[in-house]
Structures are given as structure tokens and as C-alpha cells.
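Dear colleague,

I am handing over the structure below, together with notes on what turned up in it. Please read the notes beside the model.

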Amino acid sequence: VYCGSRSGDLPDYTTVAHHLGTELARAGFSLVYGGSEVGLMGIVANAALQNGAEVIGVIPKRFSAEIVHEALTELYLVDTMHQRKQQMIENSDGIIALPGGSGTFEELMEALTWKRLTLYRNPIVLLNTRGYFEAFQAMMVQASNERFMHSEHLRMWTTVSRPSELIPTLIQTDDWDSERLDLVVQ
Ligand code: AMP
């Protein structure tokens, strides 16, 4: 799960983060996330832990911008932000992005770029609470309309509006097909 190290200023964001952590646990998933105690990250992790999920955090050593969560099932201290992203993605069966800031967008964009190159094949689902990802969606559609991406690449992620849709969508989405590597922009 990628999400904000802040909570945003609207209660809907904290509500959906709590909901997601709870649903992940109830569905029997482990949570892999950035290992922080703060923001939506901490809320998802605590909800997952409270409901019995295994929670795995990956955070850079000596990382002062965020407070490490001390009560996780497993905590990996890595050297760099790049190692963090690498370890998170390698240990994931799918990616969920909730609202967040530049770090969330950066992680999401890297995952989509890897998927476009078929280096990552698993589902990517965005939670569009209060239309948070509308501008992102519009930017990607523009890239496709103006032939920087194939329209097929717009299928690399799925956007849902309610947290209850996240896990069913994750499960129902097919793995990315290697043949798509051959897609050319027309
Ligand atoms: P944000 O959405 O900006 O609150 O950040 C969400 C998470 O992404 C936080 O744990 C950030 O530390 C992390 N993050 C920010 N930039 C990067 C990056 N370049 N590589 C890996 N993680 C990052």
C-alpha cells in the first residue's frame, strides 16, 4: 500500500485508510508498506494490526522525516529510498494507492512504469476518494490521446471509489500480459 505520510485535512481520508487496513486483515492479506507510524500510513498499519494482519514495514535507516512504527510484525531498515521501493514492490502481490503527496505519486508512477515495461505484472488499484486521482487520470489520458502512451496502457491500473471495492478489484484483475510489451504507440 502506498499512501500519505500525512493524513490530509478531511476525515474521509482517515476513514478510508482505516477501512482498508481492516479489510486487508479480514481478507487474510499481509500488508507491505513504508513502515511509518504517521499519516495515512500509520492508520492503515494500525487498523491491519488491530484486526490480526501481518504487517511488514520497509523504511530507510536514520530516516528523520517519518517516525518508524515500532510494533510491526516485521520491520526492514534499508539504506536508501530506492531500496525501500524495490523491497516493497518485490514483496507485493498487488499495489493499492490511497491519497497522498509527492512520495505516493512517485511510488505509484514507478510501479506503473515498471508495469509498462512488464517488470511488474500485478494489479494496481487506486482509491479515488473525493476524486483525489481525477487529475492523475486526466494527465495519463492526455498522454495516451497525444500518443505518448498506447491507450492499452490506461488499463495498467484500475480506479475505484469505495474502499470496499479495493480488494475485490485487486483479486479480479488479471496479471499484466507480457505481449503488451510489444505495444507500439499508433
Ligand atoms: P507522501 O505521499 O509524500 O506523504 O509520501 C508517502 C511515502 O513515500 C512516505 O513514506 C515517503 O517517505 C515515501 N517517499 C517519498 N519519496 C520517495 C522516494 N523517492 N522513494 C521512496 N519512497 C518515497
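Which elements each supply at least two residues of the lining of the largest pocket? They are β1 (31-33), α3 (81-90), β4 (95-97) and α6 (166-172), where helices (H or I, at least four residues) and strands (E, at least two) are DSSP runs numbered from the N terminus. Before going further, please note that this is a predicted model, in which local features need pLDDT of at least 70 and side-chain atom pairs count only at pLDDT 80 or more, while totals for chains, interfaces and linings use all residues. Residues are numbered from 1 along each chain as its sequence is written, and side-chain values use heavy atoms, with hydrogens and water left out.

Pockets

The largest pocket has a volume of about 360 Å³, a volume being the space filled by probe spheres set on grid points that are joined across faces, edges and corners. A pocket here is an open set of points, on a 1 Å grid over the protein atoms alone, where a 1.4 Å probe fits and which has protein on both sides within 12 Å along at least five of seven lines; lining residues have an atom within 4 Å of a point. Its lining has 20 residues, of which Phe29, Ser30, Ser92, Asp93 and Gly94 are the closest to the centre. By class, this lining holds 14 nonpolar, 5 polar and 1 charged residues, with Ala, Val, Leu, Ile, Met, Phe, Trp, Tyr, Cys and Pro counted as nonpolar, Asp, Glu, Lys and Arg as charged, and the others, Gly among them, as polar.

The second largest pocket has a volume of about 280 Å³, and among the 17 residues that line it, Glu66, Met81, Arg84, Gly103 and Glu107 are the closest to its centre. Both α3 and α4 supply at least two residues of this lining, and α4 gives the most, with 5 residues. The lining of the second largest pocket divides into 5 nonpolar, 7 polar and 5 charged residues.

Helices

Helix α4 (residues 102-116) has 15 residues and should span 21 Å at 1.5 Å a residue, which agrees with the 21 Å between its end C-alpha atoms; the expected span is 1.5 Å times one less than the number of residues. In α4, Thr104, Glu107, Leu108, Ala111, Leu112, Trp114 and Lys115 are buried, where buried means under 20% relative accessible area, exposed over 50% and partly exposed in between, with a 1.4 Å probe and protein chains only. Seen down the axis of α4, these buried residues fall within an arc of 160°, so they line one face of the helix; the arc is that of the directions from the helix axis to the C-beta atoms. They pack against α3, β4, β5 (124-127) and α5 (134-145), contact meaning heavy atoms within 4.5 Å. After α4 comes Thr118, with a positive phi near 55°.

Helix α1 (residues 11-26) has 16 residues and reaches 23 Å from its first C-alpha to its last, close to the 22 Å expected. Its buried residues include Tyr13, Val16 and Leu20, and the buried residues of α1 pack against β1, α2 (39-50), β4, β5 and α6. Gly28, which follows α1, has a positive phi near 85°.

Backbone points to check

Arg62 is not a glycine, although it has a positive phi of about 50°; it lies in the loop between β2 (55-60) and β3 (74-78) and, at 78% relative accessibility, counts as exposed. Arg147, also not a glycine, has a positive phi of about 65°, lies in the loop between α5 and β6 (158-160), and is partly exposed, with a relative accessible area of 49%.

With best regards
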